[in-house]
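Reader: I have a structure to study and some terms to check. Can we go through them one by one?

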2 protein chains.
Amino acid sequence: MIKTENKLSVFALGGINEIGKNMYVLQYEDDIVVIDCGAKFPDESLLGIDLIIQDISYLQENKDKIRALVITHGHEDHIGGIPYVLKQLNMPIYATRLTLGLIGLKLKEHGLFRQTELVLIDSDSDLEFGTVKVTFFKTNHSIPDCLGVVFHTPEGAVVHTGDFKFDLTPVNNDYPDIHKMAKIGSDGVLLLLSESTNAERPGFNPSEILVGGHIEEAFRKARRKVFISTFASNVHRVQQVVDAAQKTNRKLALLGRSMVNVVAVASELGYLTIPEGMLIDKNEVRGMDPEKVVILCTGSQGEPMAALSRLSSSNFREVEVHPDDTVIFASSPIPGNEKSVSRIIDNLYLLGAKVIYGSGTVTGMHVSGHACQEELKLMLTLMKPKYFIPIHGEFRMLYQHRLLAESVGVERENIFVINNGDVVDINNRVARQTRKVQSGNIFVDGLGIGDVGNIVLRDRKLLSEEGMLVIVLTLSKTDGQLISDPDTISRGFVYRNDSQALLNEVNQLVITTINNSRGESGNQRINLRQHIKKSVETLLYTRTKRRPMILPVIIEI
Amino acid sequence: MIKTENKLSVFALGGINEIGKNMYVLQYEDDIVVIDCGAKFPDESLLGIDLIIQDISYLQENKDKIRALVITHGHEDHIGGIPYVLKQLNMPIYATRLTLGLIGLKLKEHGLFRQTELVLIDSDSDLEFGTVKVTFFKTNHSIPDCLGVVFHTPEGAVVHTGDFKFDLTPVNNDYPDIHKMAKIGSDGVLLLLSESTNAERPGFNPSEILVGGHIEEAFRKARRKVFISTFASNVHRVQQVVDAAQKTNRKLALLGRSMVNVVAVASELGYLTIPEGMLIDKNEVRGMDPEKVVILCTGSQGEPMAALSRLSSSNFREVEVHPDDTVIFASSPIPGNEKSVSRIIDNLYLLGAKVIYGSGTVTGMHVSGHACQEELKLMLTLMKPKYFIPIHGEFRMLYQHRLLAESVGVERENIFVINNGDVVDINNRVARQTRKVQSGNIFVDGLGIGDVGNIVLRDRKLLSEEGMLVIVLTLSKTDGQLISDPDTISRGFVYRNDSQALLNEVNQLVITTINNSRGESGNQRINLRQHIKKSVETLLYTRTKRRPMILPVIIEI
């Protein structure tokens, strides 16, 4: 519980020391505003887990104080946790139009749309919760309609940047509001929370507008069909694909569920302008002159079930990649995805396609949506905060961001490089990081939220590496004698037909073990399962240098 | 079988469309020379597999014709398969001194050293096998003592480059023999096989010697201990670490089994010169002035059990990373390793270390060992081959290498972009690619070679994602009645204590299923296992949206 002497408290329940599951809590006395509710994709060590969300125990304990869940923008690491968190704790959601549209898609999928309070805001909105006021400022990023958040309290203003970059020649005039940021800085910022994704990268991002030129050039050069893959939510990139298609007289087909959904929402809400008659159905592609088609598809990160992966393995019923078609990756592979992306490129080459791939800085087909070092310094300079917390990044990014903040004049002792759950308390304009609230990873697996824990994961790991042997025996209750021969069933250890000799040896060993323990008292017989496990383990390790999970099933009758 | 009309045949049993498990076969009539015998590390989809080697059925069927296994150099992807292949098929091994030293370490570990014929060669060696002559040329790469191979036949010469780059100012005067390569080219090359690892990369590699300068500078700047991590087999890099330590008055400790082993072999054989008294034991580090120590360690690729990973998680008994120590990654992360490397960097920063990391071109702490585009063109220009097969690379690398070969004048129809097992046959100096020999991936798991196949892997995958439910029931043989209540055991599905209600529901469903099938004839009772599986599967999917493996164990008494 927050003690009464803490007037203003700031902490993260997710998003620090990680990329993903962003959630930040700003609290002034009895008023809490939560910022973002993202999901995180599990790495390969979390076997079978679908998604990771935040531990929201703190919010559940303080639910009466929560005034709003404010969402800065519509990316998965900022909205992906919403349906799972709402099932545990209802909160009114405040977001801009496109962001609300994308959240709506999710809520409908989970049957939560009707019961959720959705409040439309824009960068001019002005909210009041008790003594606290919340205002916003426009930023730009790789999705339209992004917000930074200002939390005005009697102690001072806390600014949360959301994800941002400074694109000064943006697509669709989607300018960052630098003048408003300057005004916020002039009025005084007590504490800044700023994102750190690209804090390791020197320089200033090129403008998204340059990507459009490269796309158009590639469309012009292509003699046959063009496939281009990017994140569906990168609406400005999609707009540039549309524009390039129009300029080069090509029709546009969409492949992939999220591409179709996001384009529909973005067009309906006016974020995307597609000329009448340009969109064609995927079924029409085959009938068209290949010089007259562009196929915009999902899967730029090598996701195995997405359109591009299926196209590369000729596994798409309606559309095929033919020799001399062009395939463009309008993306850079996210660390961890390089191998799956490479596999797709190899397959596309095998189909005879011309492939344009590699880092965006080389191909010109991608720019990052996150501020690089000079942009981060610009934000720090505009805001002139007294205190600074680098957020939204792994530790080395937070570390580099701290150095950047020092370089533009924030005092080292006023910078808090913290972890999820670490609370920064501010009283009389003095900040201290002393206490912790509960935070952590909650696993989503199928319909279950939090029901898969460490024991289950440890078992899955063991099973995944060496499989399992189930040893079934029936013993007499009266004298402990075997009633029938033991039966050993392998799953994921060895294939029975190839390894019958080894399995017979296991059965023989089990018989010996039982015979040796006969005559022991009932109490000792309880240890029979352990004896069998140990002796079979030793045998298998000697013969195979493997350690499968061993499950003796003993039936006494 | 090779038909008699095929005089000269060339193919790969591994190394094409992949990085790893290199093995190339050169055959002239009844004389076979095998080049390299590498292993490949499995990707994360091959659960529990330790290593992948080649399918050597062709060699086993033609074992009387095999004259030599020639090893071009001592990297794992060229020697790692030797112990496993030798267990199936004995062959005399020809290699240079350092390469033989490294192979010896492996053979001793597998108890194969005494029974293997090891033949020492150098770049001047001249071997004769029937009508075939084999000669060599010196190349350079990220390990000393590398060879290219020339297979001289009445049809003409076949050249295999091994792995190479052109470092014209190499460490330890380890020059590539460009004059000999030019002579081979002038004498006429019928077919060139050249490696393709960096065929996507423009330019010419910087010299390894430049790395030495950067290492020395970093040692000089460091105020406390320096940790530096690189591949142990990069003996020239190790030499430069030794030299930099000497120039900056630091002692050197080695951490990691492969670092200790390789340094011992390389020093003993004269490839590495370490000044008397420079090496200290890891136990001495703690007692030393931190300004006077360098620790050279394994783990630059983020391998979880290697020294650097253990240091980063303070899990090394003898040595610790302290605040303001310097840690240098003298490496670039191999695709797929980025995440594990990042995790280590984060942990090192948390320990307060200064970390020098990132791509070698940025930090200056690493150069690649593989020829970039201009170097590949230089090799093609020196050799002037009539025919060309790009090897040692994934498909997009082979494809780019083909374009490079065309750009320096090799005719497009004379370039074979082939797969493992595809044979190029040459008769009367005319090459054709028509037939295939058996090739494939053989999995090594523990002591087993090839005993883990697709069924076992499919089970491991299923188990890893959703775990397993074992349902045990005892039925009466006479009337099919349940003798005791069913027992459901979960491993990797749910944790019993948290999910007793669900498991009870499963048990109830099993009882109902059995009751419904009672009175059915014995034949139908055989389907009881299937009935139980199906109905439990449906129940679990409805309740949890998961599909664990279900194993009903039915005991009839």
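Reader: What does B:Ile228 touch, leaving out residues up to four places away in sequence?

Author: This is a predicted model. In it, B:Ile228 touches B:Ile215, B:Phe219, B:Val241, B:Val294, B:Ile295, B:Leu296, B:Cys297, B:Ile328 and B:Ala330. Contact means heavy atoms within 4.5 Å, so each of these residues meets that cut-off with B:Ile228.

Reader: What makes B:Ile228 stand out in the largest nonpolar core?

Author: B:Ile228 is one of the residues that touch the most other members. B:Leu59 and B:Phe219 are also among them. The core has 67 residues. Helix H7 (residues 235–247) of chain B gives the most to this core, with 6 residues.

Reader: Which residues does the second core include?

Author: Among them are A:Leu51, A:Cys146, A:Val235 and A:Met278. This core is separate and has 66 residues.

Reader: How do you know that strands E10 and E11 of chain A pair?

Author: Pairing needs at least two bridges. E10 (residues 146–153) and E11 (residues 156–160) of chain A have 5 bridges, so they pair. Their sense is antiparallel. One bridge joins A:Phe151 to A:Val158 in E11(A).

Reader: Why are E8 and E19 of chain A said to stand at the edges?

Author: The open sheet has the order E8-E9-E10-E11-E12-E19 in chain A. Strands E8 (126–129) and E19 (387–391) each have a single partner strand, so one side of each lacks a neighbour in the sheet. The twist averages 20 degrees from one strand to the next.

Reader: Which strands does helix H13 of chain A lie across?

Author: Helix H13 (residues 395–407) lies across E12 (191–195) and E19 of chain A. It runs at about 150 degrees to E19(A).

Terms used:
Residues are numbered from 1 along each chain as its sequence is written. Chains are lettered from A and ligands numbered from 1 in the order in which they are written. This is a predicted model: local features need pLDDT of at least 70, side-chain atom pairs count only at pLDDT 80 or more; totals for chains, interfaces and linings use all residues. Side-chain values use heavy atoms; hydrogens and water are left out. Helices (H or I, at least four residues) and strands (E, at least two) are DSSP runs, numbered from the N terminus. Axes are lines fitted to C-alpha atoms, for helices over the stretch in contact, and angles run from 0 to 180 degrees between N-to-C directions. A nonpolar core is a set of buried Ala, Val, Leu, Ile, Met, Phe, Trp, Tyr and Cys residues joined through side-chain atoms within 4.5 Å. Buried means under 20% relative accessible area, exposed over 50%, partly exposed in between (1.4 Å probe, protein chains only).
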